[in-house]
Every structure is written in C-alpha cells, then in structure tokens.
Amino acid sequence: MKELMIRPNEAGQRLDKFLAKYMDRAPKSFFYKMMRKKNITLNGRKAAGNEQLQEGDVVKLFLSDETIENFSSYRLAAGALQQASFPSAKSTGIRLEILYEDAHTVFINKPAGMLSQKAAPEDVSLVEHLTAYLLESGQITAEELRTFRPSICNRLDRNTSGIVAAGKSLAALQELGRMFRERDLRKYYLCLVKGRVPEKRRISGWIVKDERRNQVTVTEEKTAGASRIETEYRPVSRGESLTLLEVHLITGKTHQIRAHLASEGYPLIGDYKYGDRRENERFRRKYGLSSQLLHAARLCMPQCSGALAELSGKEIRAPLPELFEQICRGQGIELPGGK
C-alpha cells in the first residue's frame, strides 16, 4: 500500500489527472477499475476520479510496489533518478546564472547556444538544467517530479541570450504564464544592428511563419495565416555604421525582433537567417561571432499578489554576454551604464 499526501503543487486538479501523472504508463481504464474496487481511495472513501484535490488530501493506493513502478516512467530510486535524468553543474560545467529567486520563482540569464526547451528527446535544455539545480539545492525531490515539473514561462531562441522566467510552484507557473500571454509585463532587448538608426520608432506589421523552414516573413498588409506584430525600438548608442538598440517587444512572435528590424533595413549583426551575410562574415572572422547579437536585458513586472507578491513592481536585469560587450567596445559603441 502507498499513501500519497496532496501537496500545494498537486492541489486544484482532478484525482484522475493526478493519478495519470503519478502512473503515467497506466491506461485510464485501470484507474477507474481500481477506484470502483476501492483499491484506490481518497481520504479513506471510494472515489469517482472527478474530485478536485485539496492540499492535505490523502490518496491511498492498495497496489503492489511492482504494479506502481511498472506503470510509472520513474522507476529509479531518488538518487539514481537525479543522476540519470538531469545534468549537474559538475558533469556539464554549466552553472546557471541566477538573476533573482524567491520561494515561487527563479529568473535565469540564459546563455546563447542553450535551448530553452527540448526540441528532441535527447536534447538537454534550460528546463533540464533548472530541474537539476532545484534537485541539487534540495528545493524539490525526485518523488515530487512524478506529479509536478517546474518549468519556464517564456522561451528565447537558442542563439538569443538573456532573461528566462521560471515557476517553482504551480501557482507561480500559472500566473507568470498568464502575464506573458496577456502582456502584463514589459520585455526589453538589446541588439546590435547594421546601420545608423536615427530615432525612436514604434512599428507594426504582419508576420507569417513557414513551419517547414522555421522562418518568418514580415509584410505591411495582412495575408492568410498572418499575425499582427508591434515592435518599439530606440537607439542607445551609435558607431560608424552600427547602432545598439533597446527594443520593447510589444507582441511576442517567433523571430519577431530579428525579422521586423531586418524588414526596416536594420538587420541584426550575426543573424544568418535574416541578416547581411557579408557583414556577419566580417564579425565572424574578427570576433568568432556565430549567432545574432540579441539579448533579453530587462523584464519589468507589474503590481503582483499571491505567489508573485515578492515580484511586485520589480525590474529584473541581465548583464550582456562578454562577447557582446567586446564587440560593442571594439566598434566604438558605448554600452549602457558607461561600461
């Protein structure tokens, strides 16, 4: 017999959904059969499966350990699960740069080259590094990962660096996710572009994604399948033929900043998909640059409550990557804060 106490991150969901996470290889029919036979009970009583779980509820599984483990992806003991499934700072040499952390959230400065989320089963992404960090710091256990997975709330392109927000609790994940969807917070990026941008502008247009090529096209007129986009930018510093821009991402579509600025005649340095190849090759030869100079630098939070109360009105900042700073200095671009 296994007794499961419902924790805060498991409350608020239906019993059958909870069971489907705990024993993720079992068919739904198995759960309903076991509940009918009272081999699975809720607070000592027969359950139907549609009950909304509350913190402190007790689910009892009158099943053998072998049955439970055979129906679960998580067959390993806690220590082995941690070692086998998630990378560690020791094994990878990667230690996450934490910008801000409280009981419910963590904000990370993602390096360029790291995936935000898996694109293939064998990938190791920021999500796996985050989970390993929480396991290693004792903030979550392998057993808890059966029914709740901490995760990120916004994604950056693999070769874009900067702020990624993550929720360590279900309440934080839900509220942060809502804020990103409804644009309640403000996102600011720094990028280095070709050309001397004369003034601050707010531009709009339409964007269409080619899923097969993972590439977008920006147009002035609406076309089939197009989404409305809005981007605001202002020059921070100018060099002889380059401009450091701060971009306020008002809508957040795939490759929006890269494609929208390129359509204005200001392609990002290092962007081989939408940029100027000859210019990119110049920077590759001189600095070893292999990705676009685009960095999620600031995140401004609105007034918050509940799980996000500690974040209310805060501004999260992420320092520029070393190579980004080096290129700016080498091109006579003055960095924010007089760096």
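Colleague: Hi! In E14, what is the bridge partner of Gly162?

Modeller: Ala296 is the partner of Gly162 there. Bear in mind that this is a predicted model.

Colleague: What does Leu299 partner with in E15?

Modeller: That would be Ile316. E15 covers residues 315-317 and runs antiparallel to E14, with three bridges joining the two strands.

Colleague: Nice. Is E14 mostly covered or open?

Modeller: Mostly covered: seven of the seven residues in E14 (294-300) are buried.

Colleague: Switching topic to backbone angles. What is the phi of Lys38?

Modeller: Lys38 has a positive phi, about 60°, and it is not a glycine. You'll find Lys38 in the loop that lies between helix H2 (28-36) and strand E2 (40-42).

Colleague: Is His255 in a helix or a loop?

Modeller: A loop, the one between strand E13 (242-249) and helix H8 (256-263). His255 also has a positive phi of about 60° without being a glycine.

Colleague: Why is His255 called buried?

Modeller: Because its relative accessible area is 7%, and buried means under 20%.

Colleague: And where does Lys38 stand on accessible area?

Modeller: Lys38 is partly exposed, at 43% relative accessible area.

Technical notes: Residues numbered from 1 in each chain as written. Predicted model: local features only at pLDDT ≥ 70, side-chain atom pairs only at ≥ 80, totals over all residues. Heavy atoms only, no water. Buried < 20%, exposed > 50% of the residue type's maximum accessible area, 1.4 Å probe, protein only. Helix = DSSP H or I, 4+ residues; strand = E, 2+ residues; numbered from the N terminus. Pairing = 2+ DSSP bridges.
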